[in-house]
Amino acid sequence: MSTVKNVMEVFKVLEKSNCRLCGEKTCMAFAGAVFKGTRRIAECPRLSPEMVAAFASGGEESVDELQRELEKMKAAVVALSFDEAAARIGGEASGDLLRFKILGKPFAIRKDGTFVTDLHVLPWVIVPVLHYVLNCRGQALSGSWVSYRELPGGKEKYALFQRRGEEVLRQLADNYPDFFDDVLHMFDGKEVEQHFQADISVVLRPLPLLPVMICYRKAEEGMASSLNVFFDDSAGDNLGADVLFSLVTGIVRMLEKLAVHHGF
Ligand code: SF4
């Protein structure tokens with residue numbers, strides 16, 4: 001647990017855009033409330049899960065470390081050949097832009113490492129997106145679906161993946177009857193033939209070479225509902241279990257926020 005010494009320590013972590021999405025008039029007001037203990041840092045929807053976790057676990061030092069990592073990744077993007085990257089990640093290079101889609105929405109990185117997007121999802125997935133651009137190996141999709149546990153390195157983290165990913169999605173699907181319709185509509189998802197004895201199977205595409213299939217089974221008499229997330233088995237090679245964990249849990253956090261805002 002972080003022990004915050006002053007308001008500035010909190011303020012430093014925030015976006016400083018005064019966007020008011022947290023309900024406070026300014027980032028400084030929000031920082032003050034966090035320092036007093038009346039708000040939680042995670043209530044700023046502009047912070048990535050990585051930033052929230054870094055703040056909670058190690059305060060300023062961990063946040064600084066994460067910021068340094070982000071800056072390093074952005075610098076590596078600047079040095080990237082966009083033509084090579086576009087071919088590798090399933091994107092398109094045009095002028096000084098590397099374009100691709102995140103959850104069906106247009107997204108682009110400029111040569112100076114900044115982004116062109118109106119995606120609200122971005123703060124939640126920026127770290128995995130940068131990893132994807134820099135490190136995706138460009139393996140073609142195999143068409144064969146595997147659970148997180150079956151990916152190389154996934155077994156060790158599967159319990160946490162269930163708790164922060166699958167279980168949260170299951171509760172959303174249980175509580176909001178139009179959940180899947182809204183997700184399909186908003187994020188250009190596709191309902192597919194049911195897999196793994198599910199009542200509904202939906203494929204979303206968080207990144208061009210990373211389709212994710214969500215299989216949901218409704219509660220029946222005497223049996224609780226269930227929800228599982230599956231990946232194409234090239235995902236382990238293309239991104240690796242740790243980055244997939246950040247990507248999926250980031251999207252799940254975003255869906256939770258949307259559920260609260262839109263009441264679905
Ligand atoms: S939501 Fe975050 S970035 Fe926006 S005003 Fe609140 S603290 Fe600042």
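Visitor: What should I know about the model and its numbering?
Guide: This is a predicted model: local features need pLDDT of at least 70, side-chain atom pairs count only at pLDDT 80 or more, and totals for chains, interfaces and linings use all residues. Residues are numbered from 1 along each chain as its sequence is written, and side-chain values use heavy atoms, leaving out hydrogens and water.
Visitor: OK, new topic. Where is Leu 151?
Guide: Leu 151 sits in the loop between strand 5 (145-147) and helix 6 (158-175); helices (H or I, at least four residues) and strands (E, at least two) are DSSP runs, numbered from the N terminus.
Visitor: Is Leu 151 buried or exposed?
Guide: Leu 151 is buried, at a relative accessible area of 3%; buried means under 20%, exposed over 50%, partly exposed in between, with a 1.4 Å probe and protein chains only.
Visitor: What does Leu 151 touch?
Guide: Leaving out residues up to four places away in sequence, Leu 151 touches (heavy atoms within 4.5 Å) Val 146, Phe 231, Ala 235, Gly 236 and Leu 244. Leu 151 and Gly 236 are 85 residues apart in sequence, yet 5.5 Å apart in space, C-alpha to C-alpha.
Visitor: And which residues of helix 7 are buried?
Guide: In helix 7 (residues 179-186), they are Phe 179, Phe 180, Val 183 and Leu 184. These four cover an arc of only 125° around the axis, going by directions from the helix axis to the C-beta atoms, so they lie on the same side of helix 7.
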